[in-house]
Amino acid sequence: MYRFSNTVIGFLNLFTLLASIPTIGAGLWMARSSTTCENFLQTPLLVIGFVVLVISLAGFIGACFHVACALWVYLVVMLLLIASLIGLTIFGFGVTSKGGGVEVPGRVYKEYHFEDYSPWLRNRIQDPRYWNTIRSCILGSNNCAKLASWTPLDYMQRDMSPVQSGCCKPPTACTYKMETLVNQDTDCYKWNNAPTLLCYECDSCKAGVLEEMRRNWHKLSVLTVVMLVFLIGIYSIGCCAFRNTRRAETDYPYGQNRMTKIRPRWDYHWWRWFHDRKEQLY
């Protein structure tokens, strides 16, 4: 049981070390790809891959070769990683708590309003750099091409994804307010029948993208919580491995009592002088 924690940490970090190599390879492969959506994911993949590689290498060397400084670096980075994941989870729940679709009378699908989402998400997606990238992704995914063959009855009976509902058609209210142009949604004027335009510049399209992000985040949050529990368990085992490594660096075997020199208390010499005088008298 003495080296059990070191063995567990060694095997776990060897596994994550090997797993980080395909992650880095995928990021480098995406860097050469011409698909915009893949390039959008390239930087996060490379960062995650290199961070996992460095952490795993430090943990593996520290646990298997009893290098205390490497394990110390491993534990510090792991602690920062756990704190970052906790902060990211809380922040993610905060910015995705708002939103959700609105029922459309006589339709199966829902529609989404841009103002229903958090200001932080709205500001981010309105940035032309981000929106142009996302818009290119939507164009390349052919989501709207699937609706090209729909009949009016299909629009009444079939469901749509948030992106399809917001980007591939004008808001349903536009078809009912042709006589009241003054009160129409501004998205009604942004709609264009051209396949490369449609409603990609509409606020409803941005809202559909934000709804997809909100749903994906709620699914990802379950994995994040499981990962946090797993990382906290590994961190606890790593602390035991670090203690074992520090013991291995000394000349004392595990379990043997050790005595360290300490500075005597301020009254030690007075007590010692009094004790010696007492022995002399008696």
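Modeller: A residue is buried under 20% relative accessible area, exposed over 50%, and partly exposed in between. Lys110 has 32%, so it counts as partly exposed. Keep in mind that this is a predicted model.

Start with strand 2, residues 110-111. The side chain of Lys110 meets that of Glu103 in a salt bridge, 3.9 Å from N to O. The cut-off for such a contact is 4 Å. Glu103 is exposed, at 54% relative accessible area.

Now move to Glu111. Its salt-bridge partner is Lys169, with the closest N and O atoms 2.6 Å apart. This pair links distant parts of the chain, 58 residues apart. Glu111 sits in strand 2, while Lys169 sits in the loop between helix 7 (162-167) and helix 8 (187-190). Both residues are buried. In total, the model has six salt bridges.

A disulfide is a covalent bond between the sulfur atoms of two cysteines. One such link joins Cys144 and Cys168, with the sulfur atoms 1.9 Å apart. The angle about its S-S bond is -80°, a left-handed link. Cys144 lies in the loop between helix 5 (128-141) and helix 6 (152-157), and Cys168 in the loop between helix 7 and helix 8, so the link ties together parts 24 residues apart in sequence. Cys144 is buried at 11%. Cys168 is buried too, at 7%.

Next comes Cys174, joined to Cys188 with an S to S distance of 1.8 Å. This link is also left-handed, with -90° about the S-S bond. Cys174 is in the loop between helix 7 and helix 8 and Cys188 is in helix 8, so the tie spans 14 residues of sequence. Cys174 is buried, at 6%. Cys188 is buried as well, at 15%. The model's disulfide count is four.

Finally, the pocket. Strand 1 (102-103), helix 7 and helix 9 (203-248) each supply at least two of the lining residues.

Methods
Residues are numbered from 1 along each chain as its sequence is written. This is a predicted model: local features need pLDDT of at least 70, side-chain atom pairs count only at pLDDT 80 or more; totals for chains, interfaces and linings use all residues. Side-chain values use heavy atoms; hydrogens and water are left out. Buried means under 20% relative accessible area, exposed over 50%, partly exposed in between (1.4 Å probe, protein chains only). Helices (H or I, at least four residues) and strands (E, at least two) are DSSP runs, numbered from the N terminus. A disulfide is a pair of cysteine sulfur atoms within 2.5 Å.
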